[in-house]
Amino acid sequence: MKPDRLLKWFLYGYLGLVFVFIFSPILFSIIFSFNSDRFPTIPLGGFTLKWYETIWQDPDVWEAARTSLLVSFSVATIATFLGFTTAYTDYRYRFKLKPLYLALILLPPTIPLIIMALAMLAWFAKIGLSGQVFSIIIAHTVLTAPFAMAIIRLRLSQMDESLEAAAWNLGANQWRALRRVIIPFCRPAIVSSFCLTAAVSFDEFAIAWFISGLNKTIPVVILEIVTGNIDPQVNAIGSFVFLTSMTLVIIAQVVLMTKNKTEKENHD
Amino acid sequence: MTDSLVEFDSVVKKFGDFTAVERMNFTIDEGEFVAIMGPSGCGKTTTLRMLAGLEQPSEGEVRMQGRVMNAVPAHERDTPLVWQSLALFPFLNARENVEFGLQMRGVDAATRRKRALDWLDRLEIGEFAERDISSLSGGQKQRVALARSLVTEPKILLLDEPLSALDANLVIRMQSMLTRLQRELGITFVYVTHSQSEAFAMADRVVIMSRGRIAQIGTPKDIYRAPDNRFVAEFVGRNNIISGKIKSSSGKSVLINGSLGDFKVSLGGRAKPSPGDEGSFVIAADLVHLSSKKPRAGNQIECSLISEEFIGSVVTLFLEARDGSEFKVQIQERELADMDLKHTGKVFVSWDPERAHYIGAD
Ligand SMILES: Nc1ncnc2c1ncn2[C@@H]1O[C@H](COP(=O)(O)OP(=O)(O)O)[C@@H](O)[C@H]1O
Ligand SMILES: [Mg+2]
């Protein structure tokens, strides 16, 4: 019993350190975004909202925010749609080349981002699509659709196999069974997948930097500000981006977890 | 047309190389309560799914009211199924689950609601109409599933081991509810089960299946008293099966010579064994007479007592004969107490040749 306890505290400590390691830079960035000194030094200067005012008034930042929102919303919609349809195809049908089909769908996240970004750049340039918002949407969809597929596929695997057939048996054709049974059952996973893909797209830098051209997304603008000079503006934008992504990720988690909880009760 | 509601005509169902249902022929009449019974994996669910249009027969025809149904998709049939897993929609409440079939048929919201509530009331769960499925007990879910299937007023209801998840007490109550419901509605029930007690308690006719084939069709009494073959005799349980060679045959009865001696068996119907054939007969455990003294004549075996099993007022005794074979006897507990068997090592079982049932060699 004693060693168990020790191990438990050790693991908690380890977990705590991991969190500190990951979140302290972000925490400092948020703190410095309210710091009146230009340089991030301790002791801190006074409290200020100056940097937030600066970015509020910067048309470039606004433009980038608009692009980012448009991109991430579109990406989330398309990727979730693709994720759902591929997951459902996998669930519903048996066919010969299914392993290949699945491998192909799950491939993009295994490709190093830089390679993917370069390939996308070359390809878009070739077909005359480079530098457009549309191209970022396509690229991000390729990147995120596998996540959507994985989340929805997991949900489908938890479904009672008879559920869809029960809908047919009660007079629903395939299409109505899909709409009235499969989609409602998958709703938590769909919402969650929408939030996660939006968050990934909103944050993604490498691909966006290579192919965004004049249609910069927020991460690209941040890099440009940082490479120019040291400017606490980036802390302000960073805090904003962090908040957005975290909110989306937390929503995704909560939606999935509340659903699992009600289903656990179901089994008792 | 005949008045049979369902006809299976040489129906075969294959999954790849595996034959799940082999050349099945039977009919179900309107208003009948038919049980399909057999061990797990014998093709009961597959048979039911072919009726519901969820599987297509590989060969043969399934007809309903004379119409060939093979190509009719599931959603165009009126063959609601109560699933083994119940398959209630977890994201809908009890009432919405019941309304589903009506909604698919385009019934308007107000009517739908009323009919769903009527059915929930009828099955005595009206007060749970707005509850989430996850908050209902096993028995309540069962009733929601029944209401969901019956609300469209079908001619036939298919049930796939609907009581297998309930505890014994509840099973008895649900059985009587189902029987009553079927009589009141006058619709056909096709009830799949692996439980003999469920099938015999409820069904007008029982179809016994073994490895994709029909082993016997008949009333519970037929199947219990006159099994067609060894599989049925064994599956039904509490039967003693004795095999041997036919020594002589008089047309009305035969003498079978087994390892425990000669036994006279009267012939019931079709079987016409001739001397020299292999043959078996069944004597049900409850038709055997038990005594501590050797009977004067007739079919008898000397045994020793191995163990006893009490089921309420009835006792099953497991005996062992001289050749090591097991012999089962069912008698009243009171009768057993009067006999005081424990002190005599040996017992004699005997039976009336009229009570034994000849089943051929298989
Ligand atoms: N879709 C299927 N694909 C392959 N084999 C199946 C399929 N459905 C059922 N089977 C097989 O057919 C046999 C009969 O199954 P089933 O009708 O479910 O049996 P039961 O309901 O009597 O337990 C089983 O051996 C089962 O494995
Ligand atoms: Mg089954």
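The questions and answers below go through parts of a predicted model, in which local features need pLDDT of at least 70, side-chain atom pairs count only at pLDDT 80 or more, and totals for chains, interfaces and linings use all residues. Residues are numbered from 1 along each chain as its sequence is written, chains are lettered from A in the order in which they are written, and side-chain values use heavy atoms, with hydrogens and water left out.

User: How many helices and how many strands are there in chain A?

Analyst: Helices (H or I, at least four residues) and strands (E, at least two) are DSSP runs, numbered from the N terminus. Read from the N terminus on, the elements of chain A run α-α-α-α-α-α-α-α-α-α-α. The count for chain A is therefore 11 helices and 0 strands.

User: What percentage of the residues in chain A is buried?

Analyst: Buried means under 20% relative accessible area, exposed over 50%, and partly exposed in between, with a 1.4 Å probe and protein chains only. Chain A has 268 residues, and the buried share of them is 40%.

User: How many residues of helix α7 of chain A are buried?

Analyst: Helix α7 of chain A covers residues 162–169 and is mostly covered. Its buried residues include S162(A), L163(A), W168(A) and N169(A).

User: Which elements do the buried residues of α7(A) pack against?

Analyst: Contact means heavy atoms within 4.5 Å. Elements of both chains are involved. From chain A they are α3 (59–92) and α8 (174–203), and from chain B they are α1 (44–52), β6 (81–82), α2 (94–104) and α4 (138–150).

User: Where is T48(A), and which residues does T48(A) contact beyond its neighbours within four places in sequence?

Analyst: T48(A) is in the loop between α1 (2–32) and α2 (50–57) of chain A, and at 13% relative accessibility it counts as buried. T48(A) and F34(A) are 14 residues apart in sequence but 5.1 Å apart in space, C-alpha to C-alpha. Leaving aside the neighbours within four places, the contacts of T48(A) are S33(A), F34(A), N35(A) and S36(A).

User: How is the pair F263(B) and W351(B) classed, stacked or tilted?

Analyst: Rings of Phe, Tyr and Trp (its six-membered ring) pair if their centres lie within 6.5 Å; planes under 30 degrees apart count as stacked, over 60 as edge-to-face and the rest as tilted. By this rule there are 24 aromatic pairs over all chains. In the pair F263(B) and W351(B), the centres are 5.5 Å apart and the planes stand at 25°, so the pair is stacked.

User: How many residues apart in sequence are the parts that F263(B) and W351(B) tie together?

Analyst: F263(B) lies in strand β13 (residues 261–266) of chain B, and W351(B) lies in strand β19 (residues 346–351) of chain B. F263(B) is buried at 1% relative accessible area, and W351(B) is buried at 6%.

User: Which residues form one aromatic cluster with W351(B)?

Analyst: F281(B) and W351(B) form a tilted pair, 6.1 Å centre to centre with 40° between the planes. F281(B) lies in strand β14 (residues 278–284) of chain B, so this pair ties together parts that are 70 residues apart in sequence. F281(B) is buried, at 0% relative accessibility. The residues in one cluster with W351(B) are F263(B), F281(B) and F327(B).

User: How much area do chain B and chain A bury between them?

Analyst: Buried area is the accessible area (1.4 Å probe) that two parts lose on being put together, summed over both. The contact takes 22 residues from chain B and 19 residues from chain A. Of the area buried, 62% is on carbon and sulfur atoms. The total is about 2000 Å².

User: Which residues in chain B lose the most area to chain A?

Analyst: Three residues together account for 31% of what the chain B side buries. They are H75(B), F91(B) and M104(B).

User: How many salt bridges are there between chain B and chain A?

Analyst: A salt bridge is a side-chain nitrogen of Lys or Arg within 4 Å of a carboxyl oxygen of Asp or Glu. Between chain B and chain A the count is 0.
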